[in-house]
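Welcome! Let's explore this structure together, one question at a time.

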Amino acid sequence: MIGSDVMRGYNDLMILFLLLHEDSYGYEISRQIREISHEKYVMKETTLYSAFTRLEKLGYITSYFGTETNGKRRTYYRITEEGRALYREKCGEWKLVKEVVDDFIE
Amino acid sequence: MDVILSYLDNMFLSMPKTPEVQRAKEELLSMMEDKYNELIAEGKKENEAIGIVISEFGDISELMEELGCKNAGSGNTAYGAGAQTAADGAGAGESAYGAETAADRAGAQTAADRSGAGESAYGAETAADGAGRAAVKEKPVHAMSRAEAEEYMETAKKSGKWNAAGTVLCILCAIPLLICGALEDSVNGYSAWMYSETVIVLFGVAPLFVLIGIAIACFIHSGTMMHRFGYVGSEQIQLDASYEKELCERADEERKRGEKMRIISVFLFALCLIPLFFADAISDDDIVGVLGLCLTLIFVAAGVALGIIRRNRRNCMGVLLGEETDEEENEKERGPVGIVLDAILSGYWYIITAVYLGWSFITRDWGFTWIVWVIAWPLYAAISAVGNAIDRD
């Protein structure tokens, strides 16, 4: 399993990716990250919530209250246009990082 | 659920009661509840689910920097200092997204600093303790957060299971070969023999080596999992006081559970010969005898696996609480004999595996050599007991 230190900087990318097509809430996003990464990466709750706060403060996502069928009130997150732009920017950045690091891999 | 709530309450104790913080707490609780409920739905036990939820909670200082709580560390000086620096780093350029990298860098930096800062802070405290605890143990002190400790115990349990799995595979690896051997005996004629020779290599010997290979992989995996917790055991672990109390209670429960496991494994050892005799009694057929033997091996393997898992569970909690494990207790009174014995015992299970395989291959008497495993366990206890007795005199 990967530690969160290594993933620093790309947590936002994962969250934005998961919000691209539909709005979602905290645990659902955490569950999807675990699932899509084949359990190789589990995002800690504090990391996830910190990212939500930061992204919201900077205008990349917005939040609203939604109600589940079982009556539980949940905070849902929605990506903004700026968020989509940031996602694309981060993707480009990652490709570059990957290329650079790859050059040093035997 | 109450445990999770009180854990969260504890974590937020030193945070100011702003609406932002309140919202963070509610959100985190909601996420933890969801995770807990799903784990329970997956069939996890309550305390197991709580353990996982808590171990995946993360580091509260990360949240503090995000929420801008600068004076965060009333409980834990080391974390406080960490959050402080990181928050300053973030404060340098708050509006632009680029600032995030700065905060990240500061965060990573502090994470590295933290262990150092924690050590010196707690080191001073222990020095003040002076005559008491510190005089007994002169180990460096390592401050361990609740989340780290939970993660350590989860990992230690997993590592114990891998270890047990490896040992089970070592014990059971001969089963395909035994069955092939029995089948060969019941086939007559030259051409049939040719045929069965190939069959034996294909379905008996090859699986044997594959199983041993997997077993070795299990041992290695079990060892590497624990690498990052290398400091546990060599350093003195400092836990949060309320958490330490809770852990003590859990250790007591674990001990009771351990007793049950011990009874079951003794029971399995006592019963292990029954299938063998039973098979012998009901039929002269080789294949029946071998199947009985396989059952016996499975009993032995289950007993040994339970023993390993039990020891591992008890030790991982004990180490965190600073209790002495069996090995350490013995170590104190080590004389020359004990030191030699330690050297032998440290490689004991490898030697036993080697003896088992060597003996079996040379005599080809797979039907008998399994007895090594039955003798090995009591012998292990006997060797260490004798060693201690000699040294004490």
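Q: What percentage of the residues of chain A count as buried?
A: This is a predicted model, in which local features need pLDDT of at least 70, side-chain atom pairs count only at pLDDT 80 or more, and totals for chains, interfaces and linings use all residues. Residues are numbered from 1 along each chain as its sequence is written, chains are lettered from A and ligands numbered from 1 in the order in which they are written, and side-chain values use heavy atoms, with hydrogens and water left out. Buried means under 20% relative accessible area, exposed over 50%, and partly exposed in between (1.4 Å probe, protein chains only). Of the 106 residues in chain A, the buried share is 49%.

Q: In what order do the elements of chain A run from the N terminus?
A: Helices (H or I, at least four residues) and strands (E, at least two) are DSSP runs, numbered from the N terminus. Chain A has 5 helices and 3 strands. Their order is α-α-β-α-α-β-β-α.

Q: How many residues of chain B are in contact with chain A?
A: Contact means heavy atoms within 4.5 Å. On one side stand 32 residues of chain A, and on the other, the residues of chain B number 29.

Q: Which three residues supply more than any other three of the area that chain A buries against chain B?
A: Buried area is the accessible area (1.4 Å probe) that two parts lose on being put together, summed over both. Between chain A and chain B about 2,900 Å² is buried, with carbon and sulfur atoms giving 49%. The three residues that supply 26% of chain A's part are A:Tyr27, A:Glu45 and A:Tyr49.

Q: Which word describes how α3(A) and α2(B) lie to each other?
A: Axes are lines fitted to C-alpha atoms, for helices over the stretch in contact, and angles run from 0 to 180 degrees between N-to-C directions. The axes of α3(A), residues 26–36, and α2(B) come within 8 Å and cross at roughly 55°. Angles under 35 degrees count as roughly parallel, over 145 as roughly antiparallel, 65 to 115 as roughly perpendicular and the rest as oblique. The two helices α3(A) and α2(B) are therefore oblique.

Q: Which residues of α2(B) does α3(A) meet?
A: From α3(A) come A:Gly26, A:Tyr27, A:Ser30, A:Arg31 and A:Arg34. Their partners in α2(B) are B:Met31, B:Asp34, B:Lys35 and B:Glu38.

Q: How many of the residues of helix α3 of chain B are buried?
A: This helix spans residues 46–55 and is mostly covered. The cover of its buried residues includes α4 of chain A together with α1, α2 and α8 of chain B. Of the 10 residues in α3(B), the number buried is 7.
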